[in-house]
Every structure is written in structure tokens, then in C-alpha cells.
Amino acid sequence: MHLTFLGHAAFLINLGGTKIIVDPFITDNPTAPCQVSDLMANWILVSHGHFDHLGDAVEIARNSRGTVIGVAELAKFCTNKGVAAHAMHIGGSHDFGSFKVKLTMALHGSSLGSPAEYLGNPCGFIISAQDKTIYHAGDTGLFGDMELLGRLNNIDYALIPIGDNFTMGPDDALEAIRMLRPKTVIPMHYNTWDIIEQDPVKFKENVERELEIPVLTIKPGETITL
Ligand code: NI
Ligand code: MN
């Protein structure tokens, strides 16, 4: 099982036969390591309707005959665009065969365009596959129920936003990790633009010193084996 960081909050999870993309924001992403046409996915998980997460999901689903997974309102938006979508909601889990997904809460917004079209609640994902559990927090502020997520899930990799302004910053991300107790942390949603500029090395040093949990700072385009 391989995890490729596609920049911002976008990740490709390759299970061998099955490819899952989370929050594919490639077009207009200054840190994107590839073109949208390079990406194929059987499943496209979208945490919320903001342009930097819904991004190229519909195009990738169309190109790959893949299925979008998200909250019901966002799923409906995608089916209206002519692609397949599997509607879920927060707290619900579903077994997709080679992997399982549970939707978690996220403190954020979810709309697209102006005037804004409401796309339901934002969410995070707990993805279980091949004996590994990945938590993609989506865009979120810190919330105390992360303690519960940490207690109920044996999280191997926590993908956590650290950019501040729109989501948790590094200090709140440290508190999130204290509650989630993952085996490894991968920071995301930083250094895409100046407004979310952060020092990942400083964040890594702080987390590893305070919590003794390793932080992997992977660059856009980099692939790791889980
Ligand atoms: Ni957002
Ligand atoms: Mn975002």
C-alpha cells in the first residue's frame, strides 16, 4: 500500500488493484506535482465543497469512471454533474470491499461558488485498508472529540492540517495529535499559499519532543509505503 502526497490536502492511496484519491485539488494548486489527466482513481473521497478540496474530483471521476464518496449533499452535487457518487454522512461507515471508510466531524464550512451553493457539512475520513488505519482530518479546527477518535481507532497515519487561518495551526495540531495518539503524523494544508505558510521542520521537532510521535513531512509528488 502506497501513499502519494499530491500537495495541499490531496493524497493518492494505492492499494494495488484499487486507487483512492482524497481531496484532489490539482488545477490552480501551485504545489501540484502532476496534471489532472495523469490521475486515475476508482474512488474519490471529498471532505467538503471548497474549491481546494472538491477541486478536480468530478473530472477525475469522469476520466476514470470512478465514484465520489462524500456527505449526501456533496454526493448529490456530483451526480448532478453526471458522475457516480456514494452518499454517506458523519458517523456512518461503509465497507467498499478493499477498504472501509467512516466519516468524522470537521469544524469548518462547505460551499462552492458565489452566491454560495451549500454542500452539506464538512467531514474527515477514517480509511481502513490492509490492516492500516489512516485519518484524513479534512479542513478543521481543533475539537475535543478527537479524543474519542483516538480512543475508538488505532490510527496508524494521521493527516493533519497545520496551515492556520482556515484550519488548525501548528499549536492546535499538536493538541489534536495528543488526543488522536496516531503512530505517525503527516502534516498537510500548509505552504500552498503565503496565508498558510508554516515551518514543517519546527512542527516536526515540537511534536516529536512533546509527544514522542514521529512526523513525516512528505513533499508533493513523494510516495511512501505504508
Ligand atoms: Ni476548506
Ligand atoms: Mn482548504
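## Exercises on a predicted model

By the ring-pair rule the count comes to 7 aromatic pairs; rings of Phe, Tyr and Trp (its six-membered ring) pair if their centres lie within 6.5 Å. The model is predicted, so local features need pLDDT of at least 70 and side-chain atom pairs pLDDT 80 or more, while totals for chains, interfaces and linings use all residues. Residues are numbered from 1 along each chain as its sequence is written, chains are lettered from A and ligands numbered from 1 in the order in which they are written, and side-chain values use heavy atoms, with hydrogens and water left out.

**Exercise 1. Classify the ring pair of Phe96 and Phe99.**

Step 1. Planes under 30 degrees apart count as stacked, over 60 as edge-to-face and the rest as tilted.
Step 2. The ring centres of Phe96 and Phe99 are 5.2 Å apart and their planes stand at 10 degrees, so the pair is stacked.
Step 3. Phe96 and Phe99 are both buried (under 20% relative accessible area; exposed is over 50%, partly exposed in between; 1.4 Å probe, protein chains only).
Step 4. Elsewhere, ring pairs join Phe25, Phe51 and Trp193 into a cluster.

**Exercise 2. Locate the buried residues of helix H2 (residues 57-64) and say what covers them.**

Step 1. Ala57, Val58, Ile60, Ala61 and Ser64 are buried.
Step 2. These residues cover an arc of only 165 degrees around the axis, which puts them on the same side of H2; the arc is that of the directions from the helix axis to the C-beta atoms.
Step 3. The cover includes strand S3 (19-22), strand S4 (43-45), H1, strand S5 (67-71) and helix H3 (72-80).
Step 4. Arg65 follows H2 and has a positive phi, near 55 degrees.

**Exercise 3. How many salt bridges does a search of the whole structure find, and where do they lie?**

Step 1. A salt bridge is a side-chain nitrogen of Lys or Arg within 4 Å of a carboxyl oxygen of Asp or Glu; the search finds 3.
Step 2. Asp156 and Lys183 meet at 3.1 Å, N to O. Asp156 is in the loop between H4 and strand S13 (157-161) and Lys183 in the loop between helix H5 (170-180) and strand S14 (184-188), so the pair ties together parts 27 residues apart in sequence.
Step 3. Asp156 counts as buried at 10% relative accessibility, and Lys183 as partly exposed at 44%.
Step 4. Glu175 and Arg178 meet at 3.0 Å, N to O; being 3 residues apart in helix H5, they are separated by about one helical turn.
Step 5. Glu208 pairs with Lys204 at 3.0 Å, and both lie in helix H6 (residues 200-211), 4 residues apart.

Notes: Helix = DSSP H or I, 4+ residues; strand = E, 2+ residues; numbered from the N terminus. Contact = heavy atoms within 4.5 Å.
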